[in-house]
Amino acid sequence: MNPYQSLADPILSAFPELTSEDLAFSAPPNLEMGDVALRTFEAARKLSLAPPQFAARIAKEIAFGSDVKETFTAGPYVNFRLDREVYGRRIVERILREGPRYGSNETGAGKRALVEHTSINPNASPHVGRARNAMIGDSLVRLLRFEQYDVEVHYYVNDIGRQIALLVLSCEHPESLTFDDMLRVYAEANARAEEDPEFAAQGFELLARIEQGDEETKKRFRAVTDLCLKGQLAVLARLGISYDRFDRESDFVQDPRLETILDALRSKNALFTDEEMRLSVDLSKIGHPYEEGRFVALLRSNGSSMYGYRDIAYTIEKMDKGADLNLIVLGEDHRLYMQQVALILSAAGKSAPEPIYYSYILLKEGKMSTRQGKVVLLSDFLDEATARAAEKVEEQCKDLTPDERKVIAGQVAVAAIRFAILRVGANKNVIFDWDSSLSFTGDTGPYVQYSCARISSILRRFGKPVPEPSGGPFPVETGAEWALLTKLASFREYVATAVQQRSVAPIGQFVLETARFFTTFYHECPVLDAPEAQRNTRIQICAATRQTLENALGLLGIHALERM
RNA sequence: GUACCCGUAGCUCAAUUGGAUAGAGUGCUUGGCUACGGACCAAGAGGUUGGGGGUUCAAGUCCCUCCGGGUACGCCA
């Protein structure tokens, strides 16, 4: 139930043409103007009234209950002054009652979602740029699960292809190698292929052999890619990221379902053999609007398949599972490619997943480049961040065991990187810089965790169960308390926005604002030393804030710590 | 060259998706620990929202154009 439903109801019954979607309640620019504001543009338009006129009628004509103290207009806005006791109690009651579910709009109840993310090439340890994909994908999974979707997380393992072939050629005995060796071997193999056409050709031969189903070759590829995947997953697990399914690209060569795609393309005259004997698609025949990316090659002249061809089979596989929502997280470099895939599928009457794109993380010196060694590896970053957090935890949590402190330091490090990445809109380039990413002060994940730790500290010292909101008086006398409460009440809207935008960035904004409001409250409103009625109220506000922050941070994959 | 993404305070990012006076952090200046945890807080300075035009009651947000950055157009994946 919307805490402002009792404001909406009298308006809705006076103007039956309106629905509650037309009434946008929000916080006024400052508390002097009122406790809550109603913006009337949308509703006025529907009623063909001038917004200020409509606002005036609401203020004059409508009788609100006794819990509305005052109603006045400011041009197109109606501002309300409320009985803060009634509304504050209502907000806290709801949060404490719904607990870990608080904020969910439950839009995914009874629905299934399939999300593919990360899917990085197996030849390198993930750097923070690649990790952006994983963090965005993982946070969307958390968001959808919070909305009660039944989510299955898929990781597409690119276990065949030129890069892997070169890697396989270069390691005769993969069992004697570690994941870290692999990076060096890959770089060397790549360099060699550029200078040595013979070597490069061997790679393509190996590819052709695996497509023909040669068991021995398959085993060699498998050994190498398994080793790589294991190494990558271990790093991603440090960020709290995991997957339900690993789909291997090698399972989608020469998939029979591709025949129906080829038939459809043929019938639209979009399939042709180009001058280099590749089987290709002319997308302009099926609605591609411009010249670049007009042609897509599916099969090489020797009959082996190109990446896109296998990916189409994989995409069909995923779509055929019939989930209500299919998402895929892709780097911005895949924009055109994904359009091409979607177009080819649509020619055969099939649909493609909804892409979520993200832009690259850049270094101050320019783009990250694995080959030039201009990368920040995720594992290196986490090591450094954990070490820095550990110093602080050392002095703050002397009573905890070294193991406990270590866990906390790791969770602070995760909060730092996840928050830094996720709070930025995905389609923006971000400049990575060690200093600001390792900073734990200001607008950071650790700052929000710190607010949680402070709340926990108060609740610990209180030493009793949190009182029931229904019993006793519920004084809300300060602006700081009210501002915090209305912020908590707005969480559900942030979640709805996040779902709609397919981005958890608004949640990042929400936790910061909430933490900031809490800190103001913390400084202005003594809890434990307050008179009983006030103390009970404030303890409940603390508990509700903690619950809300915990839920919101959970969507970001960040632990709401009790100590740090 | 063409297409797509982005451009907001010195720097890193917000702005309820077209709505009240464009907000935070960081950096800089000043102040606050006999503390419910200083990984904090208070105050100050900092803006022609890249430039120009247009659409309307209203534009950082939509349209056109120019400038700057990113990405893509492979027998790579």
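Start at Asp443. One of its backbone N or O atoms lies 3.1 Å from a sugar or linking oxygen of RNA strand B. This is a predicted model, and chain A averages a pLDDT of 92, with 99% of the residues scoring at least 70.

In Asn121, a side-chain N or O atom is 2.8 Å from a sugar or linking oxygen of RNA strand B. In Glu292, the corresponding distance to a sugar or linking oxygen is 2.4 Å.

Now widen the view. RNA strand B is surrounded by 69 residues. The closest are Tyr77, Phe204, Arg278, Gln396 and Gln501. Helix α16, residues 445–462, supplies the largest share of this surface, with seven residues. By type, the surface holds 28 nonpolar, 20 polar and 21 charged residues. On the RNA side, sugar or phosphate accounts for 64% of the atoms within 4 Å of the protein; bases make up the rest.

Next, turn to the protein interior. Nonpolar side chains tend to be buried together in soluble globular proteins. Here the largest nonpolar core has 116 residues. Helix α5, residues 128–146, gives the most to this core: 10 residues. Leu7 and Phe80 have the most contacts inside the core. Leu7 touches Phe80 itself, and its other partners include Phe25, Val36, Phe64 and Tyr87. A second core of 26 residues is separate, and includes Phe252, Val281, Ile286 and Tyr337.

Strand β5, residues 112–116, has the highest mean pLDDT among the elements of chain A, at 98. Strand β14, residues 366–367, has the lowest, at 74.

Terms used: Residues are numbered from 1 along each chain as its sequence is written. Chains are lettered from A and ligands numbered from 1 in the order in which they are written. This is a predicted model: local features need pLDDT of at least 70, side-chain atom pairs count only at pLDDT 80 or more; totals for chains, interfaces and linings use all residues. Side-chain values use heavy atoms; hydrogens and water are left out. pLDDT is the predictor's confidence in each residue, from 0 to 100. Helices (H or I, at least four residues) and strands (E, at least two) are DSSP runs, numbered from the N terminus. A residue is near a molecule or strand if one of its heavy atoms lies within 4 Å of it. A polar contact is a pair of N or O atoms within 3.5 Å; within protein, one must be able to donate a hydrogen and the other to accept it, and residues adjacent in sequence count only if both atoms are side-chain atoms. Ala, Val, Leu, Ile, Met, Phe, Trp, Tyr, Cys and Pro count as nonpolar, Asp, Glu, Lys and Arg as charged, and the others, Gly among them, as polar. A nonpolar core is a set of buried Ala, Val, Leu, Ile, Met, Phe, Trp, Tyr and Cys residues joined through side-chain atoms within 4.5 Å. Buried means under 20% relative accessible area, exposed over 50%, partly exposed in between (1.4 Å probe, protein chains only). Contact means heavy atoms within 4.5 Å. Lists of a residue's contacts leave out its neighbours within four places in sequence.
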